[in-house]
Amino acid sequence: MQKQVLIAGGGIGGLAAALGSARAGWEVRLFERAGAFTEVGAGVQIGPNVVRRLQAWGLHRALLAVASFPERLRVRSALTGAELGALRLGATAVERYGAAYATIHRADLHGLLLDVARKSSLVHLNLDHQVERHEEQGDAVTVRLVRGDGKVIEVEGDALIGADGLRSGTRTQLLGEAATRVSGHLAYRAVLRQDALPQALRSNDVTVWLGPNLHVVQYPLRRGELLNLVAIRHGQPPADLDSWDHGVNAADLESALAQTCTPLQDLVRVVPQVGEGWRLWPLLDRPPVAGPQEMARGLVALLGDAAHPMRPYLAQGAGMAIEDAVELEKSLAMHDVDVALCLRRYALNRWQRNARVQERSRRNGQIFHASGPLRWGRDAAMGLLGERLLDQPWLYRG
Ligand code: FAD
């Protein structure tokens, strides 16, 4: 009989898990608590490690239609505007890693996964279904769901994948209460139409502006039609940590950037004039994954932010969720092996890479936001080593 996997969560991780599982020949029942599939308006960078996997899933053309493929990553001083270093992307990334470096609107990435999921006869998507609890009995796992109309139902499957994000209930039940930590960093995000910007502010590169206790990243989306901006600074989060969408006073950010160079201030100041304004996203995280038992136990596995939320300083959170899903596909394809062993193998093959990316993301944050002697050392090293410092072969080849 065909095996059935239950998935909690329909974000980028949950949909990728659905595709991976269906590709392995499993029937999929995905439960998303929201009433519609949506992704907040912002971009993600996806390195060659992720683009390669999406291409292997047959999504090459779909990506070409909606993503941007920047030619260069530039690192600039937020204080002086000087270029500190640059990394060739474009054809160089393809030559080095077999795939391009892409930047994409989250909704577009989510949308192209959703398109494939909707076309698969093996994937059943259920909105308005909140996963409440799960219980393992013998070789089955049952989830208790509350539907949008208030009705409580139970569904049984052969495995459960918790892809229910940073505040994952599946994780809490599986591993016990492991609180997320307030990182003390705030992310402000904005998406602007490039044609609404003065010529001098338009750009098709990835540019990272580094300053003491802050940095700003800008990159194109939708084949250059849009410009994504993310500013991250140290600061205390608002009381409501669950919300991704806070209306914020642009003046807060502008005053945090008061010491920065004119071109960066011009860019930040233009946001309220041409776009919908800044949205605030308090960053939470957890310590890095400490072993495979934190990614799978018995018939339940965790994937994406539910397993390994990470700070955005390597731009790999969604990427690691997609890598997880590709590994899940390989593990679930072992049809003559016990399901618990398949999931154990998934966890064994993923936990160290996820932990390393979590660790390196955190370290990058310290380097990005350095002040004093560390900042001098960073800038000097970037000048001396250039691409060798900025490139990440261990990550993009993996
Ligand atoms: P989520 O997107 O959180 O999805 C979880 C889903 O589960 C949601 O739809 C939720 O409604 C649902 N859910 C929750 N609980 C339940 C329940 N009980 N029952 C049913 N459904 C439930 N990543 C990159 O790869 N590149 C980048 O450049 C990048 N930039 C970033 C910049 C910032 C500022 C931040 C904060 C993050 C960035 N990331 C980036 C990280 C990336 O956005 C996340 O890692 C990724 O989106 C996580 O996807 P997910 O599906 O695991 O979780």
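Which residue forms a salt bridge with Asp108, and how far apart are the closest N and O atoms? I began my notes with this pair, bearing in mind that the model is predicted. I found that Arg222 is the partner of Asp108, with 2.9 Å between the closest N and O atoms.

**Entry: the two domains**

I next looked up how the protein is divided. Domain 1 consists of residues 4-39, 107-179 and 286-365, while domain 2 consists of residues 73-98, 181-285 and 367-396. I noted that the centres of the two domains, taken over C-alpha atoms, lie 29 Å apart. To the contact between them, domain 1 brings 20 residues and domain 2 brings 18 residues.

**Entry: buried area**

I then turned to the area buried between domain 1 and domain 2, which comes to about 1900 Å². Carbon and sulfur atoms give 51% of this area. Arg167, Arg311 and Tyr313 account for 28% of the area that domain 1 buries against domain 2, more than any other three residues.

**Entry: polar links across the interface**

I recorded three salt bridges across the interface of domain 1 and domain 2. Across this interface I also recorded eleven residue pairs in polar contact.

**Entry: the side of domain 1 that touches domain 2**

I asked which element gives the most to this side of domain 1. It is helix α10, residues 339-368, with eight residues.

Terms used:
Residues numbered from 1 in each chain as written. Predicted model: local features only at pLDDT ≥ 70, side-chain atom pairs only at ≥ 80, totals over all residues. Heavy atoms only, no water. Domains from an automatic or database assignment. Contact = heavy atoms within 4.5 Å. Buried area = accessible area lost by both parts, 1.4 Å probe. Salt bridge = Lys/Arg side-chain N within 4 Å of Asp/Glu carboxyl O. Polar contact = N/O pair within 3.5 Å; in protein donor to acceptor, adjacent residues only side chain to side chain. Helix = DSSP H or I, 4+ residues; strand = E, 2+ residues; numbered from the N terminus.
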